[in-house]
Each structure stands twice: as structure tokens, then as C-alpha cells.
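User: Hello! I am new to this structure and would like to learn how its terms are applied. Could you show it to me and take my questions one by one?

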Amino acid sequence: MSEWKGKCAALFGLQGVSLPDGVDWKSVYEKKPLGRNLLKNPAPQGTNVAPNPLSDSTLALRNLAVRSHAGDYAGWSTSAEEFHYEEVRVPEGVVVCYMPRFSWFTLEQRVDLKAEGLWDELLDHFQPDIEIEDWYEESQVHESIYQLQVQLLGADGQTVISEHVCNPREDLENYSHTWKQVSHTFSSYGPGVRYVHFLHKVKNSFMVEVRSTLVTGSSVKVKPSKSGL
């Protein structure tokens, strides 16, 4: 076991981190939990971040994905929520022939940090940085097209130890149709973290044609370092 502990110390380059007995260091070494993306299937809609602006093939994929929520969503829990018409603001006196219908498409995933190979002493005492990254398409179907909520949870899977929420507003007057990056680093979050719950949602619209929003490049990484060191 000391051989595998030494391999882990060399692999991760951890300084001042306790490597206690009782941990299956062979398993930790094989899983290599530090520095890799712990989310399964980070591009479920089948597209990666493309050069800006979005290519014609990506735009076509966007429309196809929304018509049937096409994609491989293995590893994700998904749901859709359609808005009622009365939730769309219409100025007084304006006559509307067609009302757009909007829906949120939600994807969420929970990462079990210990199952991925991390150990209690590392999470509780060293508290390595946990980096979050995501990309969403500037579809401009609405001023609010993307939301992100990431929670660090305790051992019961319910207690929220730290949380990051992102709800950007889009400038509908400037049409650029690019990919936008969202990122956040959790640091010094306190002891007890055992799960990361990653949830993002994108808005789609339906009227004469389908207009949709894609996400890709989602990641949760536990770094072999911490801020300030």
C-alpha cells in the first residue's frame, strides 16, 4: 500500500497534504480524480465549442436538438418546463397574431467525490479548489436564455455547504451569436463536502420555427492545489 501511496504523492504533486492509512491508494491512483473532468458526458447534445460565430452545421444541430431534445443524455437527469402565454410581457394596446412559447430545458448531474477517488482528509482539511466551467450558445431567443446552479453538498446529499448561481442577461440589440463561457472556482469552502450538484438550464422558443439554445463543455474539476498557495 505504501508503494501506491508514494505513486499518488508523485502523481498529484501534493504538498503538505495528509495521505492517511486506510485509504485504497491503488484505487485512487487508477481513478486519478485530481485535475480531470468528473462530469459524465460533458457535451450531450453532440457539439463542442466552435469558432465564433457559430457554424452553419452547429446552427442546424441546434434546431434538430430542440425539436426532439436529440442527443445522448447518459449521465444526466433532464426535464422540460413550458411557460404559459401570460408569462410573456406584451405592451398594452399591442395586437399579437402569434405568441411565442418558451420552455426551459434542464440538465443536472451529481458527482460523488469519494466514489471518484477523493478522500476525507483532502476534502476536509486541504480543501482543494473545485473549478466549474460551462459554455452556452448566444441564441438570443430571449434576454434570459441560460441559468447555472452548482452546489457543494454534505455527506447527506442535502446540506448545502457552498453554492454558485449564474443567471446572465443577454443584449438582444447586438447580434453576435457566439459561445459564451461561464466559470467559477470554489475555494476555502469548509469541511464536509462530499458531492457536487451541477444544474444548468437553457431556454428554447417555439412559434413559426424552432429557436433554441445549446450547452457544451460542462466540467467539474478538483484541482491538486488551492488558492493562495
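Analyst: Gladly. A residue is called buried under 20% relative accessible area, exposed over 50%, and partly exposed in between (1.4 Å probe, protein chains only). By that rule, 45% of the 229 residues of the protein count as buried. This is a predicted model, where local features need pLDDT of at least 70 and side-chain atom pairs count only at pLDDT 80 or more, while totals for chains, interfaces and linings use all residues. Residues are numbered from 1 along each chain as its sequence is written, and side-chain values use heavy atoms, with hydrogens and water left out.

User: What makes up the secondary structure of the protein?

Analyst: There are 4 helices and 9 strands. Helices (H or I, at least four residues) and strands (E, at least two) are DSSP runs, numbered from the N terminus. From that end on, the order is α-α-α-β-β-α-β-β-β-β-β-β-β.

User: Why do strands E6 and E9 count as edges of their sheet?

Analyst: The open sheet has 3 strands in the order E6-E3-E9, with antiparallel pairing. Strand E6 (179–186) and strand E9 (215–222) each have a single partner strand, so one side of each is left without a neighbour in the sheet.

User: How do you know that E3 and E6 pair?

Analyst: Two strands pair if DSSP finds at least two bridges between them. Strand E3 (residues 130–137) is joined to E6 by 8 bridges, and the two run antiparallel. Within this pairing, glutamate 137 stands opposite tryptophan 179 in E6.

User: Why is asparagine 204 called buried?

Analyst: Its relative accessibility is 1%, so asparagine 204 falls within the buried class. This residue lies in strand E7 (residues 195–206). A polar atom of the side chain of asparagine 204 lies 3.2 Å from the backbone nitrogen of threonine 213. Along the chain, asparagine 204 and phenylalanine 105 are 99 residues apart, yet their C-alpha atoms are separated by 7.5 Å.

User: What makes the contact between arginine 194 and aspartate 124 a salt bridge?

Analyst: Side chains of opposite charge can pair when their charged atoms come close. A salt bridge needs a side-chain nitrogen of Lys or Arg within 4 Å of a carboxyl oxygen of Asp or Glu. For arginine 194 and aspartate 124, the N to O distance is 2.8 Å, and the pair meets in a salt bridge. Arginine 194 lies in the loop between E6 and E7 and aspartate 124 in helix H4 (residues 120–126), so the pair ties together parts that are 70 residues apart in sequence.

User: Are these two partners buried or exposed?

Analyst: Arginine 194 has a relative accessibility of 11% and counts as buried. Aspartate 124, at 18%, counts as buried too.

User: Which class does each partner of the glutamate 138 and lysine 180 salt bridge fall into?

Analyst: The side chains of glutamate 138 and lysine 180 meet at 3.5 Å, N to O. Glutamate 138 sits in the loop between E3 and strand E4 (146–153) and lysine 180 in strand E6, 42 residues apart. At 3% relative accessibility, glutamate 138 counts as buried, whereas lysine 180 is partly exposed with 27%.

User: How many salt bridges does the structure hold?

Analyst: It holds 11 salt bridges. Among them is the one between arginine 169 and glutamate 143 (2.8 Å, N to O). Glutamate 143 is partly exposed, with a relative accessible area of 28%. Salt bridges that share partners also join Lys114, Asp120, Asp124 and Arg194 into one network.

Key
A polar contact is a pair of N or O atoms within 3.5 Å; within protein, one must be able to donate a hydrogen and the other to accept it, and residues adjacent in sequence count only if both atoms are side-chain atoms.
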